[in-house]
Structure formats: structure tokens, C-alpha cells
Amino acid sequence: MSRFFARSDSESEESSSDDEITDKAPGATFKQSLLLSDDEEDTKRVVRSAKDKRFEELTNLIKTIRNAMKIRDMSKCLEEFEQLCRAFLKSKNIVDKEGIPPFYIRLLADLEDYLNQLWEDKEGKKKMNKNNAKALSTLRQKIRKYNRDFESEIAAYKENPQESADEEEEEKEPEDSGSSSDSEGEVSSKSFLKKKPEAPSEATDRSQTAKESEDKSSSSDEDDDDDDDDDGDWSPSDSDSRSETSDKEEENALKRKRLVTFLKVKRSQDTEKPGVRKEERKKKPKQKEQIEEEAEEEGGWEKVNRGVPLVKEKPKMFAKGTEINTAVVVKKLNEILQARGKKGTDRAAQIELFHALAAIAAENNLGQGILVKIKFNIIASLYDYNPNLAAFMKPDMWKKCLDCIDELLDILFEHNNIFIGENIAEDSENLAVSDQPFRVRGCILTLVERMDEEFTKIMQNTDPHSQEYVDNLKDEGRVCGIIDRLLTYMENKGSTEEICRVYLRRIMHTYYKFDYKAHRRSLGLQGETKSEQDQEESEGEDSAVIMDRLCKFIYAKDRTDRIRTCAILCHIYHHALHSRWYQARDLMLMSHLQDNIQHADPPVQILYNRTMVQLGICAFRQGMIKDAHNALLDIQSSGRAKELLGQGLLMRNMQERNAEQEKIEKRRQVPFHMHINLELLECVYLVSAMLLEIPYMAAHEFDARRRMISKQFHHQLRVGERQPLLGPPESMREHVVAASKAMKMGDWRTCHSFIINEKMNSKVWDLFPEIQKVREMLVRKIQEESLRTYLFTYSSVYDSISMATLSEMFELEMPTVHSIISKMIINEELMASLDQPTQTVVMHRTEPTSLQNMALQLAEKLGNLVENNERVFDLKQGVYGGYFNRDQKGGYQQKQSYQRDQKSYQQKQSGYQRGGYRNQNQGNY
């Protein structure tokens with residue numbers, strides 16, 4: 001029969017056996033597909049719950065994150081993690097009902113461990129590109145912050161990660177067995193979150209069975225076709241028997257297919273059992289150990305870390321039998337230097353090679369010239385060991401560097417026939433032993449300057465409150481010793497410019513230190529402590545003498561403005577630190593540095609700010625309150641004293657300062673042991689402002705044009721007034737505000753108790769070298785300014801007051817009270833006269849009353865209003881106030897006449913006051 005009838009009929013022939021499971025012929029396949037179509041349609045038509053949708057979204061994102069983790073794509077990880085957080089937030093309602101899915105906790109824990117591992121890998125971080133490194137730091141911060149909400153779950157997972165994985169499998173198993181819609185193609189959240197892939201043997205078995213079934217089905221199709229072609233007759237008996245067998249075969253095939261699918265699911269579930277996974281995990285480390293042991297036994301294999309292979313081949317020093325001379329050593333030295341700076345060069349090994357070469361040169365007595373050249377290269381290699389400019393030297397490298405410089409200086413002092421310099425060309429070097437002196441290219445001054453900079457970087461990058469900082473600071477004595485030795489060497493063999501440079505280095509290590517030995521000697525004290533004896537042994541002369549000698553040499557010989565400017569500022573700082581106020585002030589005024597300091601580089605500007613602050617503190621100690629306030633005004637009014645003095649950075653937006661600028665500014669910071677106490681600085685400024693501002697406020701209480709001497713002081717007063725509850729002062733600022741309020745009332749004793757007490761002594765006043773002198777000065781100033789404030793405030797109440805009463809009230813001597821009142825009368829601050837026989841101050845009633853003051857203020861404001869109206873009117877008319885068209889009558893002339901009227905009015909007022917004051921004086925006398 002034709003194949004058309006065989007396909008159209010529902011009954012088809014098939015050759016099958018019980019041992020083999022084969023697919024149907026084309027007709028049977030068609031019928032089987034019809035029979036299985038209901039299951040497929042049910043699978044497609046299943047409506048998934050919101051839980052399945054949300055969890056599938058989460059699992060897809062987690063899979064992407066794991067793929068990105070494998071290839072170390074931190075930018076992708078960051079992007080997908082942000083999406084994952086948003087997706088988890090969307091599924092919050094489901095999570096609240098069902099609980100947090102274990103696969104989500106597992107990812108958070110794995111991701112945090114992965115990021116911490118990457119962060120600790122310093123070499124790996126250096127190889128990352130800029131975007132990945134930035135994404136790594138951002139993602140690390142985000143995951144640490146995000147995981148705080150899941151600390152308990154993550155801790156439970158980390159304690160027993162296998163149990164949490166098993167719980168997830170147990171949750172999935174009933175879903176797989178209960179739902180008929182699950183097929184082999186569907187991917188569950190657990191299946192792709194597994195770190196262990198499917199066993200390769202099982203995968204190959206499945207592929208082989210699939211291939212066999214395909215081969216069998218194709219062979220059965222060919223056989224059926226041949227049978228159909230061969231059969232020429234179609235009898236009814238044959239069709240009946242075949243229909244019965246075909247029905248049976250179809251039922252058997254369906255049962256077998258369901259059995260196969262069940263076996264596949266069962267087999268996949270068996271492979272995911274925890275016991276099997278544990279065994280596989282145990283087997284892998286054992287296999288690795290066996291491989292490593294075999295490799296060690298063979299001796300032919302070497303374990304290599306991933307990344308750029310390091311250059312491990314060390315150049316051979318010298319072959320056997322080679323004659324060691326200067327030329328051979330120089331050639332070998334150049335070979336080592338050629339690898340310097342190349343990628344993959346082991347810097348530590350290079351330094352060891354230099355040391356070995358120096359030892360060989362010393363053994364063969366090749367002379368000090370070649371030894372000096374090798375020492376130069378050793379020190380340069382130590383500086384190059386860390387290529388990052390912002391990083392500081394490690395302690396072991398720092399010790400080696402100091403030792404090498406000491407050894408180099410020893411050689412130079414012992415052998416006077418060695419000439420070194422940067423101007424010596426390599427061709428003209430003389431390294432061999434001969435009658436001629438050694439000539440070596442190199443600059444010892446540059447090496448010492450670099451050493452000083454490295455010491456500063458070490459101090460900048462060390463925690464100032466740790467013992468490590470104290471240990472590192474002990475090295476400053478050694479650094480200063482090296483600079484002193486270099487100074488002695490340069491004075492004999494160096495040029496003037498080099499001597500100025502090394503003098504400046506010595507000055508920079510001296511200017512900020514208080515000379516206790518000279519201070520005690522000036523006070524006439526003989527007993528000295530042990531530390532001061534040590535200092536006396538290390539320094540043969542006073543620091544003032546050293547500074548004077550070094551700075552005057554630079555003033556006379558230096559040709560560069562920068563070195564001279566730094567020397568002047570350091571000299572002023574040192575004078576101010578030791579309370580030599582007049583020398584410091586005169587040197588600052590003669591230098592005219594304040595005129596063009598804004599054009600200097602930032603380190604010099606920081607030094608200038610430090611000098612001005614120290615000058616202001618010195619003026620305060622000497623009782624020059626106004627000078628102290630003027631010196632500290634610019635620094636304190638900016639609100640950025642910390643940053644201007646180079647003692648730290650203030651928080652700013654990234655728009656004002658990017659990361660690169662922040663790194664540069666951090667390198668400019670002053671080490672902690674050179675800091676100026678910011679609380680002391682602010683206290684000195686506020687106390688100076690209080691002593692100036694309170695009497696001024698009392699004298700100009702009703703003056704509308706009263707100006708502020710110190711904005712910061714007024715701000716602190718306003719803050720104190722706004723407080724709803726005034727308790728006892730705690731901070732330094734609160735003490736000054738409370739003292740200001742007491743001084744305003746003329747109560748000097750309360751003011752004194754707020755300024756000088758145990759708390760303020762410990763915070764501020766005990767930090768000064770001459771403590772008692774400063775306290776006495778403060779008490780005296782508070783008494784005098786309180787007297788002035790009292791007279792300004794209550795002069796309108798008194799007709800006359802006895803100076804003896806004032807002297808007793810403020811505990812001042814009579815001459816002092818007489819002097820203060822006389823100055824106030826001469827400066828026309830107080831309208832009064834002195835009655836000499838009775839020692840009485842007689843008040844004059846020339847001050848306007850409060851009503852008159854208010855009338856004067858009103859008149860002044862009305863005048864300003866009229867003037868503004870005239871200007872607006874002139875602008876509308878196009879006259880421009882008469883400035884450009886003075887021939888026109890109008891605003892300009894009227895304004896002139898108005899100003900003349902105002903002047904005549906003011907003259908009358910002042911004349912009235914002065915005239916009355918003089919007339920009364922004449923009447924009294």
C-alpha cells in the first residue's frame with residue numbers, strides 16, 4: 001500500500017521488542033504526539049504564582065552576578081547587585097509571608113567573602129583597571145552596609161552552610177514531585193545557584209542514551225518503510241491483529257516513557273544528595289595533594305601563581321676564573337641597573353645584588369670610588385622600592401637607608417680624595433685606584449633631602465596616638481645627625497647654593513622646638529632633668545644662636561627667593577615661640593612678606609600661616625591684646641584654621657576637590673608633633689576679642705553705626721543667647737561667653753573665675769611655657785577692661801565717683817586707675833573731668849539721652865531713604881544722579897546741598913558736646 005494511506009490511518013505498524021525501547025514509526029509518532037499534547041498544553045497553560053515570578057527574577061540576577069564574579073567584572077557585579085536589591089524590595093510582601101529565600105542569603109554571604117578576598121589581594125587590586133577598582137570599593141561598602149540587615153541569617157548560614165543548602169533542596173523536592181508541570185527544561189533557583197556542576201560521567205551517559213535512542217528510532221523508521229513498501233496486500237485479518245497489537249504497544253510505550261522520565265528525575269535527585277556532594281568535595285583536595293606530592297617527588301614541576309610571571313633569573317655575578325677589576329664590576333653594575341624600573345623586576349633581589357657587588361668590590365680592594373658609586377645606587381634602589389609617591393617606606397627599608405647614608409658619609413669623611421657631584425659626566429668618572437683623585441657622579445645632598453622627605457611621609461602616615469609614632473619620632477635624632485654631618489661636609493666642599501639648601505634642612509628641624517635648656521638658663525635655674533641633660537649633650541649651643549647663624553648666612557648668600565622666604569618665616573616663628581616679640585614683629589614688618597605671600601607655593605603659605613599664628617600667641621603672652629587679635633584675625637575668621645595650618649582636611653564636596661587634589665593636599669600636611677593646639681589658638685583669639693569687644697560695645701551701645709571687631713566672637717555670643725537653658729559652662733567657648741556676660745556688667749571677679757579655673761588651666765593655660773606670668777597678665781587685663789566697661793555703662797548714673805572707690809572695687813592701684821580714666825578723657829571716650837584735690841571723677845551731662853539717640857538714628861535713616869529715592873528717580877529720568885551731566889539742575893546739586901546740611905548738623909552736635917565739655921572744664925578750674 002502507499003505511504004499516504006499508512007500516514008492517514010490511525011493504525012500503524014511498528015516492529016518493537018521487549019528488550020529495546022524505540023520510538024514509533026511516523027504514524028505512531030503522530031499519534032503519540034497527539035496523546036502527549038494535553039500534558040504539554042497543561043505545562044504552558046499553568047499560571048505561575050507571584051512567588052515563582054519574583055524568585056525566578058531573583059535567581060536570574062544572582063546567576064548574572066555569579067558569572068561576573070568568575071571573570072572579576074566588578075562593574076557588572078555592582079550594576080547587577082543594585083538591580084537585585086531593587087528586585088528584592090519589590091518582593092518584600094512575598095518575603096514577609098514565605099521568609100527570606102536561602103539562596104539569597106547564600107549569595108550575600110558568598111559575595112561579601114569574595115569582595116573581602118579581592119580587597120586583601122593587593123597585587124590583584126593594582127592590576128585592576130580604574131573602573132573595576134572603583135566599583136570594587138563601592139560594592140564592598142554597599143554589601144557591608146546591606147548585610148547588616150541580614151546578620152543573623154548570614155551568621156546561621158556561615159555556621160552550617162551545608163544545612164542551609166539541604167533545607168533549600170528539601171523545599172524544592174516536594175514541588176518537583178507534586179507538580180506535573182515541571183519539565184526537564186525548567187531551571188529552578190537551586191539548580192543554577194549550585195557551585196558544584198553536574199557530574200561529567202552522568203552527563204555523558206545521558207548524551208549517549210539520547211544518541212542511542214535517536215539511532216534506534218531512525219533505524220526503526222527505515223525498517224517500517226521497507227516493510228510498507230514490500231507489503232502489497234492488505235487483508236482484514238492482518239489489520240485486526242495489527243490494530244490490537246498497536247493498541248497494546250501504544251499503552252506500553254506510554255508507560256515506558258513515563259517510567260524513563262521518572263527515572264531521570266530520580267537519578268538527578270540522587271546526584272544532588274548532600275552525602276555525594278560531600279564526598280566529591282573531599283576527593284578534590286585529596287587529588288590536589290596527591291598531584292603536589294607527585295610533583296615534589298619528581299622535582300621537575302614548580303607551582304606558579306597566576307598573573308605576570310616574575311623575573312626569577314638572577315644574573316650571575318662572575319664566572320669562575322674571571323679577573324675582578326673595576327671595569328668588570330662597572331659592567332656588572334650596569335647590567336643590574338638595566339633591569340631597574342622594568343615590569344616584573346624583583347626590587348628586593350636587586351638591592352641584594354648591589355650589596356653582594358659592594359662586598360665583592362671591598363674583598364678585591366678595588367678602591368673607594370667604585371664603592372661610593374655602588375652605595376649611591378643602593379640608596380636610589382631603596383627609594384625606588386615603593387614606586388607609589390604617596391606611600392611611605394617600610395621600617396626595614398628605612399633602617400637600611402639610614403645605615404647606607406651613614407656608611408657613605410663615613411667613606412667621604414675618611415677619604416678626602418673623593419669628589420662627587422651631579423656635574424661630573426659618566427665618561428669623565430675616575431673609579432679606578434690611581435694617583436688621580438676619585439671622581440664619582442652623584443649628589444649626596446639630593447639623597448639626604450629625599451631621606452628627610454621620606455621621614456616626613458612616615459610621620460604623616462603613622463597614627464599619632466600610637467606607640468609606633470613615638471618610636472618613629474626617635475629616628476629624628478638620627479636624621480638630624482645625618483644632616484649635621486652633611487652640613488659639615490658641605491661647608492668644606494660644597495657650593496654656596498648647596499650650603500643654603502642643607503642649612504634650610506637644619507632650620508626646618510629646629511624652628512618649631514622650644515629650647516628648654518636656654519629657657520631654664522635665662523630663669524637662673526641650675527637643676528636640670530635627665531632629658532634636658534641629654535639635650536645639652538646633643539646640642540652644644542642654644543637653638544637661638546644656631547638659628548641666627550644659619551638664617552643670616554641664607555639672607556646674605558641665597559639667590560632663590562623660596563629658601564630665603566622659608567628661612568625668614570622659620571626665624572620669626574622661633575623668635576615668637578621664645579617670647580621675643582619685638583624681634584619677631586620687626587623681622588616680619590621689614591620682610592614685607594604679607595604683601596606677596598599669596599603668590600608663593602602652598603607649603604610656604606602654610607608656613608606663613610603657622611608663623612602668623614605663633615606671632616599672635618606671642619603677642620598675647622606679652623599682653624599685646626590688640627596685636628594678638630590682628631595677627632589671628634585672618635586665620636580664625638575663615639573658619640578653616642585646621643586646613644590653613646596644614647593640620648588636616650575639612651570635609652568638602654567632590655566638586656570643590658577631587659580625589660587627586662585630596663591626595664596632593666594630604667602630602668602637604670604637617671606631622672602631628674609639629675601641630676599647633678587649635679583649642680589654645682581659638683581660646684587666645686576669643687579672649688582677645690572679649691577684651692576688645694566688650695568695652696567697645698558698652699561705649700557704643702546706642703550707636704547705629706557700631707561695627708563688629710570680631711564676627712566669630714559675636715557669633716558665639718548669639719549662640720549663647722539662643723540657648724533655652726543656661727547651665728554651668730563646660731566647653732572652652734562657653735567659659736568665654738559666660739566671662740563676657742560678667743564683664744559686660746562690670747563684675748571682674750566672676751569673669752576671672754570663668755577664664756582662669758582648673759578646667760581652663762588644663763585645656764589651655766598650662767600649655768604655655770611661662771604659666772604664672774600669663775595668668776597674672778590675664779587678671780590684670782580683665783581688671784582694667786572691666787573698669788573701662790563699668791565706666792562706660794554706668795557713667796550716666798553717677799554725678800561723680802571717687803577713684804579710691806574704683807581702686808578698691810577693681811583691686812587696682814591708684815596710679816593705674818588714674819591712668820585709665822585720663823586716657824578715656826583724652827580720647828573723648830568719657831565725658832568727665834578729674835578733680836585732683838579730692839581724687840574724684842566728675843561726670844558731664846553731655847551724653848544724649850536714649851530718646852535723643854533714637855531721634856538721631858531716625859534722622860539718619862530718613863536721610864538715607866531720601867538719598868536712595870533720589871538715585872532711583874534720577875535713574876528713571878536718565879540723569880544718573882548728576883554724575884554725567886552736572887549742568888542740569890537736580891539730583892546732584894540737591895544731594896550736595898543735603899550733604900552740606902548734614903555736615904553742618906553734625907558739626908553743631910559735636911561742637912555742642914565739645915564746647916559744653918570745655919566750658920564746664922573752664923568753670924570748674
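Q: Why is Q839 called partly exposed?
A: This is a predicted model, so every value here is computed from it. Q839 has a relative accessible area of 26%. Buried means under 20% and exposed means over 50%, so a value in between makes a residue partly exposed. Q839 therefore counts as partly exposed.

Q: Where is Q839, and what is its phi?
A: Q839 sits in the loop between β4 (832-835) and β5 (840-843). Its phi is positive, about 55 degrees, although Q839 is not a glycine. Most residues other than glycine have a negative phi.

Q: What is the phi of R72, and where is R72 found?
A: R72 has a positive phi of about 60 degrees and is not a glycine. R72 belongs to the loop between α3 (50-70) and α4 (74-90). With a relative accessible area of 28%, R72 is partly exposed.

Q: Why is K134 called exposed?
A: Its relative accessible area is 61%. Exposed means over 50%, so K134 qualifies. K134 lies in helix α8.

Q: What makes the contact between E335 and K332 a salt bridge?
A: The N to O distance is 3.0 Å. The cut-off is within 4 Å, between a side-chain nitrogen of Lys or Arg and a carboxyl oxygen of Asp or Glu. The pair therefore meets the rule. Both residues lie in helix α15 (residues 326-338), three residues apart, about one turn of the helix.

Q: Are E335 and K332 buried or partly exposed?
A: E335 has 33% relative accessibility and counts as partly exposed. K332 has 9%. Buried means under 20%, so K332 counts as buried.

Q: How do you know that R478 and D403 form a salt bridge?
A: Their closest N and O atoms are 2.4 Å apart. The limit is within 4 Å, so the pair counts. R478 is in helix α21 (residues 475-493) and D403 in helix α18 (residues 395-414), so the pair ties together parts that are 75 residues apart in sequence.

Q: Which residues are linked with R478 and D403 in a network of salt bridges?
A: D406, D410 and R485 are linked with R478 and D403 in this network.

Q: What makes E811 and R749 a salt bridge?
A: Their closest N and O atoms are 2.9 Å apart. That meets the rule of within 4 Å. The pair links distant parts of the chain, 62 residues apart: E811 is in the loop between α39 (803-810) and α40 (814-826), and R749 is in helix α36 (residues 748-755). E811 is partly exposed, at 45%. R749 is partly exposed as well, at 43%.

Q: How many salt bridges are counted?
A: The count comes to 39.

Q: How many disulfides does a search of the whole structure find?
A: The search finds zero. A disulfide would need a pair of cysteine sulfur atoms within 2.5 Å.

Q: Why are C500 and C683 called buried?
A: C500 has a relative accessible area of 1%. C683 has 0%. Buried means under 20%, so both cysteines count as buried.

Terms used
Residues are numbered from 1 along each chain as its sequence is written. This is a predicted model: local features need pLDDT of at least 70, side-chain atom pairs count only at pLDDT 80 or more; totals for chains, interfaces and linings use all residues. Side-chain values use heavy atoms; hydrogens and water are left out. Helices (H or I, at least four residues) and strands (E, at least two) are DSSP runs, numbered from the N terminus. Buried means under 20% relative accessible area, exposed over 50%, partly exposed in between (1.4 Å probe, protein chains only).
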